[in-house]
Amino acid sequence: MAVRLVMEGYLGKDVASMVNVCRQTVSHYVSLFNEGGLELLLHRDFAPGREPFLTEEQQEKIKQLVLTTTPAELGWDVASAWNTKLLQSYVAKQFGVSISREALRKLLHRKGLSWTRPTYTLAKGNLDEQKQFEKQMDLIKKT
């Protein structure tokens, strides 16, 4: 918008007040546009961000740990499923890294995992035994 207004003949200070930015910003936009056109003006470089606590290899190990083992199997706890508190202890001991539970939750989410309550899957029942049980229940109801 600022570049378009300057191209239409408005002064930089007037354009700055119209689009609610400072005059130097308008000047910067115009110089970017003059250098590389709309493509350079719209190009955004984002900061690389902070270095992750765990390497990609360590993150993958944690994912595989959660998918393939239980804390009880490794002697960490009697729990049958991993939680962020147990993982926090595991990461501190194995990798020597102190990481928050929330950071672990986000890491697992980025790796495609989500937290769910464990559910029980009942084994398929024997049809003959079920029929026999139903007959017994019918006899009990009648008497």
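Student: Of the 143 residues of the protein chain, what percentage count as buried, and where does Gln59 lie?

Tutor: This is a predicted model, and of the 143 residues in its protein chain 20% count as buried. Gln59 belongs to helix α4, which covers residues 56-68, and this helix is where confidence in the protein chain is highest, with a mean of 93, whereas helix α7 (residues 127-142) has the lowest, with a mean of 88. Over the protein chain the pLDDT averages 87, and 96% of the residues score at least 70.

Gln59 itself counts as buried because its relative accessibility is 8%, which falls under the 20% cut-off. If its neighbours within four places in sequence are left aside, Gln59 makes contact with Pro52, Leu54, Leu107 and Lys111.

Turning to the setting of this residue, the protein chain contains seven helices and zero strands. Its radius of gyration is 32 Å, while a compact globule of 143 residues would have one near 15 Å, and the C-alpha trace spans about 100 × 50 × 25 Å along its principal axes. Among contacts in the protein chain with a separation of 6 or more, 34% are between residues 24 or more positions apart. The accessible surface of the protein chain amounts to about 11700 Å², with 54% of it belonging to carbon and sulfur atoms. As for charge, the protein chain carries 20 positive and 16 negative side chains, and the centres of these two sets are 6 Å apart.

Definitions and conventions:
Residues are numbered from 1 along each chain as its sequence is written. This is a predicted model: local features need pLDDT of at least 70, side-chain atom pairs count only at pLDDT 80 or more; totals for chains, interfaces and linings use all residues. Side-chain values use heavy atoms; hydrogens and water are left out. Helices (H or I, at least four residues) and strands (E, at least two) are DSSP runs, numbered from the N terminus. Buried means under 20% relative accessible area, exposed over 50%, partly exposed in between (1.4 Å probe, protein chains only). Contact means heavy atoms within 4.5 Å. pLDDT is the predictor's confidence in each residue, from 0 to 100. The radius of gyration is taken over C-alpha atoms; the globule rule is 2.2 Å times the number of residues to the power 0.38. Accessible areas come from the Shrake-Rupley method with a 1.4 Å probe; for residues, only the protein chains shown count as cover. Lys and Arg count as positive and Asp and Glu as negative; His and the chain ends are not counted. The place of a charge is taken as NZ of Lys, CZ of Arg, CG of Asp or CD of Glu.
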